[in-house]
Amino acid sequence: MDIDRYERLWIMLSAAVLLSLFLALVYSVYALDIRLVDDAGQVDPATAAQTPPFDEPGVYQEGPGRYRVVMVARAWSFQPAEVRVPAGSDVTFQVTSLDVIHGFRVPYTTINQMLIPGQVSEFRFRFAEPGEHYLFCHEYCGVGHHTMQGRIVVETAATGAR
Ligand code: CUA
């Protein structure tokens with residue numbers, strides 16, 4: 001039996017595993033746009049509701065096809081609970097929690113975020129197709145956790161944002 005052959009086989013197998021994991025990582029970042037969050041700043045949860053931009057939650061147009069959604073989460077609601085953007089929009093969400101840890105999950109998108117009191121969470125998503133997205137809290141936050149939800153309505157581009 002040729003021992004060297006098995007040795008070579010294992011080395012090649014190990015290299016193939018490393019290479020495929022690396023390619024999966026590159027694919028997730030550049031093709032699926034899955035990123036780790038950057039440091040988007042801190043805000044005191046006790047005064048966040050009076051501190052810009054969180055004193056005026058809502059949808060703000062930042063440029064052609066670019067929107068910023070400022071949102072606050074508290075037990076057990078999101079404010080605003082409904083967001084409307086035109087299809088094809090590049091949306092930056094800027095969210096914080098006013099009390100305990102909440103979640104921010106939009107199924108069938110890459111939006112899956114933890115909202116930590118004191119921490120500003122910022123993440124982007126491009127809503128290409130018109131339709132409605134369900135948004136919900138996916139970190140257990142108390143007896144009303146299961147009622148904590150919202151909607152993202154992606155309107156046909158002609159309708160425009162409200
Ligand atoms: Cu907020 Cu669960």
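The stops below follow the salt bridges.

This is a predicted model: local features need pLDDT of at least 70, side-chain atom pairs count only at pLDDT 80 or more, and totals for chains, interfaces and linings use all residues. Residues are numbered from 1 along each chain as its sequence is written, and side-chain values use heavy atoms, with hydrogens and water left out.

A salt bridge here is a side-chain nitrogen of Lys or Arg within 4 Å of a carboxyl oxygen of Asp or Glu. The count by this rule is 8.

**Stop one.** Select glutamate 62 and arginine 68. Their side chains form a salt bridge, N to O 2.8 Å. Buried means under 20% relative accessible area, exposed over 50%, and partly exposed in between (1.4 Å probe, protein chains only). Arginine 68 is buried at 19%; glutamate 62 is partly exposed at 36%.

**Stop two.** Glutamate 122 sits in strand β8 (residues 121-127) and arginine 68 in strand β2 (residues 66-74), so the bridge ties together parts 54 residues apart in sequence. Strands (E, at least two residues) are DSSP runs, numbered from the N terminus. Glutamate 122 is partly exposed, at 31%.

**Stop three.** Select glutamate 155 and arginine 84. The closest N and O atoms of this salt bridge are 2.7 Å apart. Glutamate 155 belongs to strand β10 (residues 149-155) and arginine 84 to strand β4 (residues 82-86), 71 residues apart.

Methods. Helix = DSSP H or I, 4+ residues; strand = E, 2+ residues; numbered from the N terminus.
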